[in-house]
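Let us walk through this structure.

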Amino acid sequence: MRKSTLWNSVRHIFNEVHLWAGLISGIVVILVCFSGTIYVYNSEIREMASPELYHVEATGERMSPEEIKTKLESSEQSKVIGINWNDEEGESVQFTLKKEGEEGRGSSYFVNPYTAEILGGTRPETAASEFMGYMFSLHRWLLIDKIETPILESMSNRELGRFINGVATLLFTLGVLTGIVIWFPKKVKNWRQGLKVKWNANWKRVNHDLHNTLAFYSLIFLLIMGLTGPFWSFSWYREGWQNTWDTSRKSNERSEQVAEEEVIKSAAGVFTLDELISKVNEELLYEGTLRISLPQEGDNTVSVSKYRTGFFARAGSDQLKLNTADLSVQEANLFSDLPWRQQVGRSVKSLHTGDIYGQFTKFIWFLACLVATSLPITGTLIWLNKKKKKPSKKKKTQARKLEVA
């Protein structure tokens with residue numbers, strides 16, 4: 001009896017925490033999770049809206065990267081400073097160009113690899129891009145950043161939106177954790193009931209089952225999203241994450257200093273993009289997309305990252321720094337060589353968005369986001385239904401007497 005009483009007391013406490021965490025954060029969680037559900041497929045939506053930028057007609061052989069670079073620099077009177085290169089047939093590539101004396105990071109364009117024709121900018125102003133911009137703002141700052149007049153004197157509107165978002169996400173995570181305890185039935189023999197929805201019951205029971213069952217099946221994914229979300233809201237949380245997973249700048253300071261010392265000793269040389277890509281593919285023997293940052297004036301290294309593509313493609317990319325003198329590998333940071341802790345720590349964005357193993361995990365995150373959007377709604381309905389107390393036997397008796405009279 002004592003154990004049963006203790007468990008009921010603990011369960012009651014967790015139930016209260018779960019209830020109020022959900023009620024306080026409910027509206028914000030709905031907005032954040034709804035926009036997150038859509039933003040999971042941000043790239044795909046943009047591509048569907050502007051297919052002419054991403055897909056080209058495969059006419060003949062693709063030009064080499066160096067040929068495209070030479071042609072673009074000549075026609076645009078600019079210097080190529082970055083490339084996103086893939087070997088997919090019928091797909092465009094991206095080149096970043098910068099004019100002499102121009103400030104900033106230059107302008108990036110989609111380019112037809114068969115003709116070197118510029119198809120358009122990488123940030124086209126379309127209805128789809130504008131819509132996804134609003135979804136991102138809603139997910140990150142609750143659209144408060146769109147308000148020009150400062151709401152508070154102590155912080156900017158973007159900081160305010162980030163703070164509200166972060167608090168709501170922490171409460172959501174607390175709700176998920178307490179929900180685990182509440183989910184367990186009072187009687188062990190009834191645990192199977194928490195794994196299915198009784199569709200032939202009344203709507204209150206169906207709503208209750210949807211809340212419990214969907215949350216249970218999405219538990220791991222909801223926790224991952226909840227635990228990674230505050231990374232972009234609070235500096236203390238970000239620093240704690242980096243220290244926990246050993247990805248802070250301080251831990252890599254020594255290796256970076258050594259690399260810089262070695263770079264200073266090297267001398268600049270001349271190389272073609274074709275030679276560079278060939279060298280990278282020799283070092284990283286798998287199919288994937290390359291992101292290349294070409295050296296600026298006075299820089300003696302070229303930075304390249306390569307990541308896999310495909311339905312089950314792993315999100316973690318491999319980085320190489322090559323000496324411009326002879327294209328020797330100056331520094332190699334391979335994702336697979338990192339300790340498990342650092343792999344997790346550096347995958348915070350992929351863990352949050354579901355881009356861990358390509359389209360496979362993105363679809364799972366999409367479904368989990370839908371569930372997360374529904375939880376505050378079904379949970380509130382459960383609370384409202386419990387608040388409606390059934391009439392007591394005494395009141396029923398009095399009502400019957402009045403009817404008879």
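How many bridges join strand S2 (residues 93-98) to strand S3 (residues 107-111)? Five, and the two strands run antiparallel. Strands pair if DSSP finds at least two bridges between them. Strands (E, at least two residues) and helices (H or I, at least four) are DSSP runs, numbered from the N terminus. This is a predicted model: local features need pLDDT of at least 70, side-chain atom pairs count only at 80 or more, and totals for chains, interfaces and linings use all residues. Residues are numbered from 1 along each chain, and side-chain values use heavy atoms, leaving out hydrogens and water.

Leucine 97 has serine 107 in S3 as its bridge partner. S3 also joins strand S4 (residues 118-121), antiparallel, through three bridges. There, phenylalanine 110 stands opposite glycine 120. S3 and S4 form a hairpin with six residues between them. In that turn, alanine 116 has a positive phi of about 70 degrees.

Now the helices. H1 gives 12 residues to the lining of the second largest pocket, the largest share. A pocket is an open set of points on a 1 Å grid over the protein atoms alone where a 1.4 Å probe fits, with protein on both sides within 12 Å along at least five of seven lines; lining residues have an atom within 4 Å of a point. This pocket has 48 lining residues, with Ile182, His208, His211, Asn212 and Ile382 nearest its centre.

Finally, glutamine 242 sits in helix H9 (residues 235-244). It touches Phe231, Thr247 and Ser248, not counting residues up to four places away in sequence; contact means heavy atoms within 4.5 Å.
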